Amino acid sequence: PAAWAGFDPAEVRTIISTGETCPDRGVSYWANTRKKGWDWVLDGGTARYTGIGIDRRFDGPDGNGWPVVKAVRSGHAGALRTLISDAELTIGDFECPMTSDFVQHDTGTVFSIDPEVAPLLARAGIDVVTLASNHITDQGVDALQETMDFLDDAGVRWFGAGMNLA
């Protein structure tokens, strides 16, 4: 309806949900092993999708691997960081635990995240994350507590998990 087109720009709010975030395996490989650094992750730009490939290192839902997007970079370095930081509220689904015992995982489905990611989230403009995910206790309850502590120290609010129901 035409009435929907009339709005006060001062009343418009932008909320972004980044979806699942679990910077282990390939992401931490490039940030840590290949020494690009964690800020490099957010310096991504746009990409053009070229198809789907199958990663057969893991069984996947049908026992025959997981579909993986194939893409080529198309420019606009830093667009990801700009998109995330420009919102009034940016929410992320933080899928995996951050732990001081972080190790690089190149295979498997048990994850941990480098604690350097907590300040990265804050610098990127992530305001709040949910910890209600299937991998958040992959490294045990102590790592869940560490995750909450790392997020607190970085100034990133969290919800969805904790040491008790409250």
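Analyst: The structure holds one disulfide, a term used here for a pair of cysteine sulfur atoms within 2.5 Å. This is a predicted model, in which local features need pLDDT of at least 70 and side-chain atom pairs count only at pLDDT 80 or more, while totals for chains, interfaces and linings use all residues. Residues are numbered from 1 along each chain as its sequence is written, and side-chain values use heavy atoms, with hydrogens and water left out.

The partners in the disulfide are Cys22 and Cys96, with their sulfur atoms 2.0 Å apart. The torsion about their S-S bond is about -105°, so the disulfide is left-handed. The pair links distant parts of the chain, 74 residues apart: Cys22 lies in the loop between strand 1 (15-21) and helix 2, and Cys96 in the loop between strand 4 and helix 5. Helices (H or I, at least four residues) and strands (E, at least two) are DSSP runs, numbered from the N terminus. Cys96, at 0% relative accessibility, counts as buried, whereas Cys22, at 25%, counts as partly exposed; buried means under 20% relative accessible area, exposed over 50% and partly exposed in between, with a 1.4 Å probe and protein chains only.

Cys22 also belongs to the lining of the largest pocket, where Glu20, Cys22, Gly26, Val27 and Val41 are the closest to the centre among 48 lining residues. The volume of this pocket is about 1,900 Å³. A pocket is an open set of points on a 1 Å grid over the protein atoms alone, where a 1.4 Å probe fits and protein lies on both sides within 12 Å along at least five of seven lines; lining residues have an atom within 4 Å of a point. Grid points are joined across faces, edges and corners, and the volume is the space filled by probe spheres set on the points. Strand 3 supplies the largest share of the lining, eight residues, and the elements that each give at least two residues include strand 1, helix 2, helix 3 and helix 5.

Tyr29 and Trp30 form an edge-to-face pair, at 5.9 Å and 90°, and Tyr29, Trp30 and Trp40 form one aromatic cluster. Here rings of Phe, Tyr and Trp (its six-membered ring) pair if their centres lie within 6.5 Å, and planes under 30 degrees apart count as stacked, over 60 as edge-to-face and the rest as tilted. Trp40, at 26% relative accessibility, counts as partly exposed.

On the Cys96 side, the loop leads towards helix 5, whose buried residues are Val117, Ala118, Leu120, Leu121 and Ala124. Seen down the helix axis, these residues fall within an arc of 160°, so they line one face of helix 5; the arc is that of the directions from the helix axis to the C-beta atoms. Their cover includes helix 3 (38-42), helix 4 (79-85), strand 4 (89-94) and helix 6 (141-154), where contact means heavy atoms within 4.5 Å. Just after helix 5, Gly125 takes a positive phi of about 95°.
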